[in-house]
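User: Please take a close look at one helix packing in this structure and describe it in a connected account. I would also welcome a word on its wider setting.

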Amino acid sequence: MTSRGAVNSGFSLWPETASVGAEQVDLVYLALLGLTLFFVILLGALALGFGVKYRVGRAAHRREVVHKTHLEVVWITAAALITLAVCLWGTYVYVDAVTPPPDARNIYVVGKQWMWKVSHPQGPREINELHVPAGVPVKINLTSQDVIHSFYIPAFRLKRDVLPQTYTSLWFNATRPGEYHLFCAEYCGAEHARMRGRVIVMEPAEFQRWLSDSKDLEPEPIPNAELAEARSDGHAEVFARYACGDCHKSGPTPEGPTLVGLFGQPVRLRDGRTVVADEEYIRQSIMEPNAAVALGQAAPSTMPTYAGQVDDEHLWQLIEFVKSLGADAGGIGPTP
Amino acid sequence: MTTLDAIILPAPSYLTAHWSLRSWLLTLDHKRIAMLYLTSITAFFFVGGAAAVLMRLELATPASDFVVSGAYNRLFTIHGAVMVWFFLIPSIPTVLGNFLIPLMIGARDLAFPRLNLMSWYVFMAGGALATGSIIVGGVDTGWTFYTPYSTTYANSAVFPMVAGIFVAGFASIMTGLNFIVTIHTMRAPGLTWFRLPLFVWAMYATSLVLVLATPVLAITLVLIAVERFWGVGVFDPALGGDPLLFQHLFWFYSHPAVYIMILPAMGVVSELVACFSRNPIFGYRFVAYASMAIAILGFLVWGHHMFVAGQSVHASMVFSFLSFLVAIPSGVKVFNWIVTLRNGTIHYKTSMVYALGFIGLFTLGGLTGLFLATLPVDVHVHDTYFVIAHFHYIMVGGAVMAYLGGMHFWWPKIAGRMYNEGWGIFSAILMFFGFNLTFFPQFILGYLGMIRRAAEYPPEFQLLNVLSSAGASILGVAYLIPLVYLTRSLVRPATAEANPWNATGLEWTVSSPPPEHNFDSTPVVTTPPYSYDAEKTAELEAVSP
Ligand SMILES: [Cu+2]
């Protein structure tokens, strides 16, 4: 066993502590534990003492009860002041924890059902892994492609909800190289429990090496992107990048209809209209899936909207790719 | 004269006055309506409990092997929704409140008996819709229905569940309204506000919250339906809505809802502690005002559910501070209950064991609430098992223990039967033990970082999860024992005395079970509440079965 933290570190009663902020949070937590212990022991001793002394059948001297209001006020004030002190200390630590230093290194993370996609401005992209240097403030910018997720690294005591069409962020200064859990803490659908990953904290020099080694690496292929893999004409990468192939395969699946042979054909919609699958229809399908749902598909559409996720450049490439799967296009045909 | 008296049979009780099914289903008697509620919420409790058992079975191993995640997600949704809306919220108000408020204030019935009956039908209609959603495929959103998942993405029977909760909300509003009017207008002569039992004070505070908060939930649920069916953008940003708006609206109701669950429990415990320590409640007015303070402050702390959701830092700071403040009146109550024991004569009857169990578990639940109100600690433990443990200490350790303590205390009055104290005390202690074994490890798991609502977890969390699952099976048994012996007591003749605990309060002046019309003549109150005298200890012992 090395001194490095590990994702599976075996049974323990205390989480790993791997950032400057985490140490602060632990101190506040310990103070609260102390406070709890104090009240539990105090109240427990009183209850136990009275409970034994005044139990039925025991000849204790029982005085007339008089309620002393000033006593009640004094103890309420004292207890309130102690606890409010902890509240204020906590707030102080919190303000620190949400204010990133201006020189923090930026990393972009997108959550989607059910994976974390990480982009380093220096080039490398990762899925469900996040490499960061130790001893350097790092700021993570978060957004979601679909529902609300929550980016959670217990070893840093950090969590932040990830919202669609909004950027939120958190920052940390990791102290200990090692591997740590990354969870999605906000329930986000069927495979929420599996939306897990690893945070890999490296020594700065090691991290630099990793950066330059993986600069030209594409992210791991997205699972099920069989359509994208089937063709290799430029635009396919964008299709793969947005994981369209998770749902759109060479034949219809429960996740979504096939796009093969779609372009240029008339499509009957749920609302009774029939439209031709032209560029505008495909654009609408991607950016406003609910505006036109094909007959036989569930409404509201289970296709996530890509409005705000797909920029104009990519939208155009996506449309071109769907076009290339059209009726008159060669290449892959419908599955037998 | 004496011969005549001897041949007049006692008036039939509310239980024996009529026998037909119709006389139950169309009754306007608050006591019978309470029994209708009792049977329904007991059924819902075991539905919700069964879901919990299946979840704990699944969580005994790190992989999702016992049920797949889709099924697990439906289980925790059912568990939460059924337990919150169809057991915890109605439990004490609709059963004990319905039964006791008129008796405690010396009234013939609630102010609006027909509204009371209607509330039960509305509640059952809501329950039918909600349980119907389980049959048509279940719901996988969690009881919190966070948007945009619930409106745009969830592929499950969200609508019937939401509709069921919406409908059941009206039952809550009807009950709350009925209680408020009754307590204001129907108190017996001499029964001033500060002579009211603390249970009535607690029900009054609860009713205010029910009437003020539930409409907000209703509106929120309608908006979910509007977005889900007509694609009107309210919460889904893809449609131009705001997902945080949903969370604000939802917690504006659901945080006060926590107090709907715990305030009545506090009321029950005040009655039990006073009676079984043969002492007036220490600082009666403080305890009464604390109920009102909790009801009011409870409306101002919803933002503590949203510290990591994207709410502004300043808002979070204010909500953190207010959440600390709301702990103060709860602390007052705990302290005053304990000091009530002092100079008393403490009888360890089943109800008292429940009450003491409540005080212990509620205290721990409340103190761990302070952790969650502290901003940086909440950032870490939000949406982990720490939160699960915390609110189960309040709602199960607190509200359910108090509900059962109250059921045991008033069972002679309700059913006219006593029960075996040995079994009673045994199951109360077993429950306390099973509860702690189930939920204490979850505090540790939460701080370790185990997220909630997940069928799978990293293997290093297994040991604590196994402990928790083992505790849950003990807890399950402990809940079944009272069900068995209380039900069985019904087959014996109704021989309970009018006042088996020698308790104060008007409900104990009528026979057990009470006659249909409650009081033969309107009682007149001349004494303060809880005029117990600790020196006179023999009375209670003499009547113990
Ligand atoms: Cu997620």
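Analyst: In this predicted model, helix 3 (residues 30-58) of chain B and helix 16 (residues 462-489) of chain B have axes that come within 10 Å and cross at roughly 160°. Because angles over 145 degrees count as roughly antiparallel, helix 3 of chain B is roughly antiparallel to helix 16 of chain B. The crossing of helix 3 of chain B and helix 16 of chain B is left-handed. On the side of helix 3 of chain B, the contact is made by Thr42(B), Phe45(B), Phe46(B) and Arg56(B). Helix 16 of chain B contributes Asn465(B), Ser468(B), Ser469(B), Ala472(B), Tyr479(B), Leu480(B) and Leu483(B). By class, the residues of this contact of helix 3 with helix 16 of chain B comprise six nonpolar, four polar and one charged.

Chain A itself is assigned domain 1 (1-55 + 100-217) and domain 2 (235-324). The C-alpha centres of these domains of chain A lie 36 Å apart. Between them, eight residues of domain 1 of chain A are in contact with nine residues of domain 2 of chain A. The area buried between these two domains is about 610 Å², with 41% given by carbon and sulfur atoms.

Key: Residues are numbered from 1 along each chain as its sequence is written. Chains are lettered from A and ligands numbered from 1 in the order in which they are written. This is a predicted model: local features need pLDDT of at least 70, side-chain atom pairs count only at pLDDT 80 or more; totals for chains, interfaces and linings use all residues. Side-chain values use heavy atoms; hydrogens and water are left out. Axes are lines fitted to C-alpha atoms, for helices over the stretch in contact, and angles run from 0 to 180 degrees between N-to-C directions. Helices (H or I, at least four residues) and strands (E, at least two) are DSSP runs, numbered from the N terminus. Angles under 35 degrees count as roughly parallel, over 145 as roughly antiparallel, 65 to 115 as roughly perpendicular and the rest as oblique. A crossing is left-handed if the near helix is turned anticlockwise from the far one by less than a right angle, and right-handed if clockwise. Contact means heavy atoms within 4.5 Å. Ala, Val, Leu, Ile, Met, Phe, Trp, Tyr, Cys and Pro count as nonpolar, Asp, Glu, Lys and Arg as charged, and the others, Gly among them, as polar. Domain bounds come from an automatic or database domain assignment. Buried area is the accessible area (1.4 Å probe) that two parts lose on being put together, summed over both.
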